[in-house]
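Open the model in your viewer and keep the sequence panel beside it. The tour below goes stop by stop, with what to select and what is found there.

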Amino acid sequence: MKNYMKMELYSCSQNESFCRNAVAAFALPLNPSLNELSDIKTAVSEAVTNCIVHAYKGGEGRIFLECELDGDTLSVVVRDEGAGIEDVEKAIKPFFTTLTSEERSGMGFTIMQMFMSDFSVESERGKGTVVTLKKRISYKEENA
């Protein structure tokens, strides 16, 4: 099965739940298990929340979300045009956060990595960040 979806949204907090539910609904033709669906929703939530909190620091901006189904794989790209990440290698380490004054765990990228089959981050300071998430769905007869 092949399919594609693209959305553009404002960086406001109510769009986080909309994005995760839209991606979950888009993935349903792959017949994911409840655990796989939960993994997808959690990873998308983290990626979109990063845009809102870090890229735009709670201000206005746009979040671009693209999804593709190809065979047994869901690909999700979450992109912003915000602040960018100075040091991606450092940022993806567990517990790293630039917002030490707020209650942030620094686990967003780690959660995305753990819950998805593939994960990458590209960023340029002042130009934004692109997070690519992929999830291979393990179709099993009991999922049917």
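Buried means under 20% relative accessible area, exposed over 50%, and partly exposed in between, with a 1.4 Å probe and protein chains only. The model is predicted, so local features need pLDDT of at least 70 and side-chain atom pairs count only at pLDDT 80 or more, while totals for chains, interfaces and linings use all residues. Residues are numbered from 1 along each chain as its sequence is written, and side-chain values use heavy atoms, with hydrogens and water left out.

**Whole chain**

Start with a cartoon of everything. Helices (H or I, at least four residues) and strands (E, at least two) are DSSP runs, numbered from the N terminus. The protein has four helices and five strands, and along the sequence they follow the pattern β-α-α-β-β-α-α-β-β. Of the 144 residues, 44% count as buried. A contact means heavy atoms within 4.5 Å. Among contacts with a separation of 6 or more, 65% are between residues 24 or more positions apart.

**Helix 1 against helix 2**

Select residues 14–27, which form helix 1, and then residues 34–55, which form helix 2. The axes of the two helices come within 8 Å and cross at roughly 145°. Axes are lines fitted to C-alpha atoms, for helices over the stretch in contact, and angles run from 0 to 180 degrees between N-to-C directions. The crossing of helix 1 and helix 2 is right-handed; a crossing is right-handed if the near helix is turned clockwise from the far one by less than a right angle, and left-handed if anticlockwise.

To see the contact, show side chains. On helix 1, the residues that make it include Glu16, Cys19, Arg20 and Val23; on helix 2, they include Ile40, Val44, Ser45 and Val48. By class, this contact has nine nonpolar, four polar and three charged residues. Ala, Val, Leu, Ile, Met, Phe, Trp, Tyr, Cys and Pro count as nonpolar, Asp, Glu, Lys and Arg as charged, and the others, Gly among them, as polar.

**Ser45, Arg20 and Glu16**

Now pick Ser45 in helix 2. Which residues does Ser45 touch, not counting those up to four places away in sequence? They are Glu16 and Arg20. The side chain of Ser45 makes a polar contact with that of Arg20 at 3.5 Å. A polar contact is a pair of N or O atoms within 3.5 Å; within protein, one must be able to donate a hydrogen and the other to accept it, and residues adjacent in sequence count only if both atoms are side-chain atoms.

Arg20 also forms a salt bridge with Glu16, with the closest N and O atoms 3.2 Å apart. A salt bridge is a side-chain nitrogen of Lys or Arg within 4 Å of a carboxyl oxygen of Asp or Glu. Both residues lie in helix 1, four residues apart, about one turn of the helix. Ser45 has a relative accessible area of 9%, so it counts as buried. Glu16 is buried because its relative accessible area is 15%, whereas Arg20, at 28%, counts as partly exposed.

**Other salt bridges**

The structure holds nine salt bridges. Select Asp39 and Lys135, whose closest N and O atoms are 3.0 Å apart in a salt bridge. This pair links distant parts of the chain: Asp39 is in helix 2 and Lys135 in strand 5 (residues 128–136), 96 residues apart. Lys135 is buried, with a relative accessible area of 9%.

Next, select Arg62 and Glu81, whose side chains meet in a salt bridge of 3.0 Å, N to O. Arg62 is in strand 2 (residues 62–70), and Glu81 is in the loop between strand 3 (73–80) and helix 3 (88–91). Arg62 is partly exposed at 34%, and Glu81 is partly exposed at 39%.

**Thr73**

Move to Thr73 in strand 3. Buried or exposed? Thr73 counts as buried, at 14% relative accessibility. Leaving aside neighbours within four places in sequence, Thr73 is in contact with Leu30, Glu68, Lys134, Lys135 and Arg136. The side chains of Thr73 and Asp72 are joined by a polar contact of 3.0 Å. Thr73 and Ile137 are 64 residues apart in sequence and 6.1 Å apart in space, C-alpha to C-alpha.

**Asn31**

Finish at Asn31, in the loop between helix 1 and helix 2. Asn31 has a positive phi of about 60° although it is not a glycine. Most residues other than glycine have a negative phi.
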